[in-house]
Amino acid sequence: MKGKLITFEGCEGSGKSTQVRLLKEYLEANSIPYFMTREPGGTEISEKIRSIILDKDNSEMADECEALLYAASRCQLLKEKVLPALNEGKMVIIDRYYDSSFAYQAYARGLGYDFVASANNFALSYAVPDLTVFFDIDPYSAFIRKGGADSTDRLELAGQEFHNKVYKGYKALIEKFPDRIISVDAHADAQKIHECVLTLLRDKGVL
Ligand code: TYD
């Protein structure tokens, strides 16, 4: 049987990474076969693309170039790791996926849904998530909680206005795909949020 694809989404500082770690610990403790990765990255080639995208010296990068690089990194990850893992029946969890491209590149950068959808045609055709969990916290609270921006990361340095747009982008995506993208209140404490995630996964028949 084909494995399920779960993706985690949220603004910077939404606590996504903590939740990835807690889920990983749960899957290991319960001997559930899984493959976990993050975007952009997850393969040698994709990690190289990641370093080009996030390099703060690449301030001249065109928005279109940025969107295509994310999509390129994603194609490599899908072909090399994700699709094989799903075919082996493993649960696959990705920390960020194409919804990040819709929120950041389509909405916040303003490239529009169609441009990003066409760049992500491969992923949209072959690997649609069974469930996407959105960790819902407004960017300002998230930023404070996180202790400010990472000064080496180009995307984190993009400014509050940009991150507000990202948040609005996510909200628009939730309206567009209400069955697939489920919000979890990310203000609560990490353990409580983890319990919500497990409940969601059980409700969706993933666990
Ligand atoms: P990362 O350090 O992994 O951020 P986080 O811990 O918040 O996930 O950096 C990834 C950055 O790339 C983050 O700012 C979101 C952005 N991004 C996009 O703009 N588009 C995409 O398609 C993806 C996957 C990420």
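Trainee: What covers the buried residues of H2?
Mentor: Bearing in mind that this is a predicted model, the cover over the buried residues of H2 includes strand S2 (34-38) and helix H3 (63-87).

Trainee: And which residues of H2 are buried?
Mentor: In helix H2, which spans residues 44-54, they are Ser-46, Ile-49, Arg-50, Ile-53 and Leu-54. Looking down the axis of H2, these buried residues fall within an arc of 120°, so they line one face of the helix.

Trainee: Which exposed residues does the face turned away from the buried side carry?
Mentor: That face of H2 carries Glu-44 and Lys-48, both exposed.

Trainee: Switching to rings, how many aromatic pairs does the structure hold?
Mentor: There are 8 aromatic pairs. One of them joins Phe-8 and Phe-135 in an edge-to-face arrangement, at 5.0 Å centre to centre with 75° between the planes. Phe-8 belongs to strand S1 (residues 5-10) and Phe-135 to strand S4 (residues 131-136), so this pair ties together parts that are 127 residues apart in sequence.

Trainee: Is Phe-8 buried or exposed?
Mentor: Phe-8 is buried, at a relative accessible area of 0%, and Phe-135 is likewise buried at 0%.

Trainee: Why is the pair of Tyr-104 and Phe-162 called tilted?
Mentor: The ring centres of Tyr-104 and Phe-162 are 6.1 Å apart and their planes stand at 55°, so the pair counts as tilted, given that edge-to-face is kept for planes over 60 degrees apart. This pair links distant parts of the chain, with Tyr-104 in helix H4 (residues 98-108) and Phe-162 in helix H8 (residues 160-176), 58 residues apart. Both Tyr-104 and Phe-162 are buried.

Trainee: What sits over the ring of Tyr-113?
Mentor: The charged end of Lys-176 does, 4.4 Å from the ring centre, and Tyr-113 is also linked by ring pairs into a cluster with Tyr-97, Tyr-98 and Phe-102.

Trainee: Backbone next: which peptide bond is cis?
Mentor: The bond from Glu-39 to Pro-40 is cis, with omega near -15°, and Pro-40 is in the loop between S2 and H2.

Trainee: Where does Arg-96 lie, and is it buried or exposed?
Mentor: Arg-96 is in the loop between strand S3 (91-95) and H4, and it is buried at a relative accessible area of 13%. Although not a glycine, Arg-96 has a positive phi of about 80°.

How values were computed
Residues numbered from 1 in each chain as written. Predicted model: local features only at pLDDT ≥ 70, side-chain atom pairs only at ≥ 80, totals over all residues. Heavy atoms only, no water. Buried < 20%, exposed > 50% of the residue type's maximum accessible area, 1.4 Å probe, protein only. Helix = DSSP H or I, 4+ residues; strand = E, 2+ residues; numbered from the N terminus. Arc of directions from axis to C-beta. Contact = heavy atoms within 4.5 Å. Phe/Tyr/Trp six-rings, centres within 6.5 Å; stacked < 30°, edge-to-face > 60°. Lys NZ or Arg CZ within 6 Å of the ring centre and 35° of its normal.
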